[in-house]
Amino acid sequence: MGRQLSEPLGRMQDIVQGLLGTGKISRRKVQMLMDDIGFVRALSMQSQQLLRLSAGPLRQSHERLRLDQILQHALEERAEAFQFQGVELVQRLRPVEVILDAGMVSSLVAAAIDCATARGSRLL
């Protein structure tokens, strides 16, 4: 299900960006649509993780990862949403290497950011 949603979500995101360029839709409505697309994309990723968990013993692929880069990428993906929600972001990232499953780390970082950010909050 997650893989099947990926391509249509990408097309929808391109269409929304195209509409913004025409001026026929407000930035607020574009942001609402992008937030919804992001929500569905997150559900898609979670369904892939659930499939991995339900398939029996979890087969993690341990990789050497830069946690600071994963966090930076997750923050960049949400930059426009942070601006729309009035979230102030103060970054003081330092390079950190970990050896973990990439998918699990990305999901955990995304969930932590989503839990930590509320309208008008300050994320340090």
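Which residues does Ser61 touch, not counting residues up to four places away in sequence? The contacts of Ser61 in this predicted model are with Leu100, Asp101 and Ala102, where contact means heavy atoms within 4.5 Å.

Two conventions apply throughout. Residues are numbered from 1 along each chain as its sequence is written, and side-chain values use heavy atoms, with hydrogens and water left out. Since the model is predicted, local features need pLDDT of at least 70 and side-chain atom pairs count only at pLDDT 80 or more, whereas totals for chains, interfaces and linings use all residues.

**Overall architecture**

The protein contains 5 helices and 4 strands; helices (H or I, at least four residues) and strands (E, at least two) are DSSP runs, numbered from the N terminus. Read from the N terminus, the order of the elements is α-α-β-α-α-β-β-α-β. The C-alpha trace spans about 50 × 35 × 20 Å along its principal axes. Among contacts between residues at least 6 apart in sequence, 81% join residues at least 24 apart.

Of the 124 residues, 24% count as buried; buried means under 20% relative accessible area, exposed over 50%, and partly exposed in between (1.4 Å probe, protein chains only). The protein exposes about 8,900 Å², of which carbon and sulfur atoms supply 57%. Such areas come from the Shrake-Rupley method with a 1.4 Å probe, and for residues only the protein chains shown count as cover.

There are 16 positive and 13 negative side chains, and the centres of the two sets lie 3 Å apart. Lys and Arg count as positive and Asp and Glu as negative, while His and the chain ends are not counted. The place of a charge is NZ of Lys, CZ of Arg, CG of Asp or CD of Glu.

**The largest pocket**

The largest pocket has a volume of about 1,100 Å³. Its lining comprises 29 residues, of which Gly38, Phe39, Ala42, Glu77 and Arg78 lie nearest its centre. The elements that give two or more residues to this lining are α1 (2-22), α2, α3 (67-77), α4 (79-85) and α5 (102-116). Helix α2 gives the most, with 11 residues. On a 1 Å grid over the protein atoms alone, a pocket is an open set of points where a 1.4 Å probe fits, with protein on both sides within 12 Å along at least five of seven lines; lining residues have an atom within 4 Å of a point.

**Selected residues**

Ser61 is found in the loop between α2 (27-54) and β1 (62-66). Ser61 counts as partly exposed because its relative accessible area is 37%. Met1 is placed in the segment before α1, and its relative accessible area of 67% makes Met1 exposed.

Ile70 belongs to helix α3 and counts as buried, since its relative accessibility is 17%. Leaving aside residues up to four places away in sequence, Ile70 touches Leu65, Val105, Ser106 and Val109. Of these, Ser106 is found in helix α5, and at 29% relative accessibility Ser106 counts as partly exposed.

The table lists C-alpha separations for pairs that include these residues.

| Pair | Separation in sequence | C-alpha distance |
|---|---|---|
| Ser61 and Arg94 | 33 residues | 24 Å |
| Met1 and Gln72 | 71 residues | 27 Å |
| Ser106 and Arg52 | 54 residues | 15 Å |
| Ile70 and Val105 | 35 residues | 8.1 Å |

Terms used:
Grid points are joined across faces, edges and corners, and a volume is the space filled by probe spheres set on the points.
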